[in-house]
Amino acid sequence: MKEYINHFIKVETIGKFALWINRPIYKEYIAGQGMKVINKATGENMGNNLKLYAHLYDADFRKLSEVIRDEDCYTIVEE
């Protein structure tokens with residue numbers, strides 16, 4: 001359940017009311033059996049499933065004028 005909550009970001013709080021949005025996924029890598037996702041720049045093993053997010057809000061919950069996407073520097077390789 002904790003991983004599911006990590007997909008959401010709090011946008012605004014007014015009194016006891018909080019508005020949360022689901023962080024949009026713009027690309028997902030799903031590696032099959034015997035495969036893995038690696039970071040091409042560092043060689044780090046990212047596991048079998050990796051989601052790249054589009055960020056609509058900054059750290060202070062202000063809407064960004066342009067969407068910032070996670071860097072796409074990953075590839076799927078054999079284990």
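1. pLDDT is the predictor's confidence in each residue, on a scale from 0 to 100. This is a predicted model, in which local features need pLDDT of at least 70 and side-chain atom pairs count only at pLDDT 80 or more, while totals for chains, interfaces and linings use all residues. Residues are numbered from 1 along each chain as its sequence is written, and side-chain values use heavy atoms, with hydrogens and water left out.

2. A word on confidence. The protein chain has a mean pLDDT of 87, and 92% of its residues reach 70 or more. Confidence is lowest in helix α1 (residues 2-5), with a mean of 50, and highest in strand β4 (residues 35-39), at 97. Helices (H or I, at least four residues) and strands (E, at least two) are DSSP runs, numbered from the N terminus.

3. Now the hairpin. Strand β1 (residues 8-14) and strand β2 (residues 17-22) run antiparallel and are joined by 6 bridges; for two strands to pair, DSSP must find at least two bridges between them. Glu 12 has Leu 19 in β2 as its bridge partner. With 2 residues between them, β1 and β2 form a hairpin, and Gly 15 in the turn has a positive phi of about 60°.

4. Then there is an open sheet of 3 strands, in the order β3-β6-β7 with antiparallel pairing. β3 and β7 stand at the edges with a single partner strand each, so one side of each is left without a neighbour in the sheet. On average, neighbouring strands of this sheet are turned by 15° against each other, direction ignored; here axes are lines fitted to C-alpha atoms, for helices over the stretch in contact, and angles run from 0 to 180 degrees between N-to-C directions.

5. The β3 to β6 pairing deserves a look of its own. These strands run antiparallel, joined by 5 bridges, and the bridge partner of Glu 28 in β6 is Lys 51. Glu 28 also forms a salt bridge with Lys 51, with the closest N and O atoms 3.9 Å apart. This pair links distant parts of the chain, Glu 28 in strand β3 and Lys 51 in strand β6 (residues 49-57), 23 residues apart. A salt bridge here is a side-chain nitrogen of Lys or Arg within 4 Å of a carboxyl oxygen of Asp or Glu. Glu 28 is partly exposed, at 36% relative accessible area, and Lys 51 is partly exposed at 25%; buried means under 20%, exposed over 50%, and partly exposed in between (1.4 Å probe, protein chains only).

6. By this rule there are 3 salt bridges. Another of them joins the side chains of Lys 27 and Asp 72, at 2.7 Å from N to O. Lys 27 lies in strand β3 (residues 25-30) and Asp 72 in the loop between β7 (63-69) and β8 (74-78), so the pair ties together parts that are 45 residues apart in sequence. Lys 27 is partly exposed, with 32% relative accessibility, and Asp 72 is partly exposed with a relative accessible area of 32%.

7. Asp 58 and Arg 62 also meet in a salt bridge through their side chains, at 3.2 Å from N to O. Asp 58 is partly exposed, with a relative accessible area of 22%.

8. Finally, charges over rings, counted if NZ of Lys or CZ of Arg is within 6 Å of the ring centre and within 35 degrees of the ring normal. Arg 23 lies over the face of Tyr 53, 3.9 Å from the ring centre. Arg 69 lies over the face of Tyr 26, at 5.5 Å from the ring centre.
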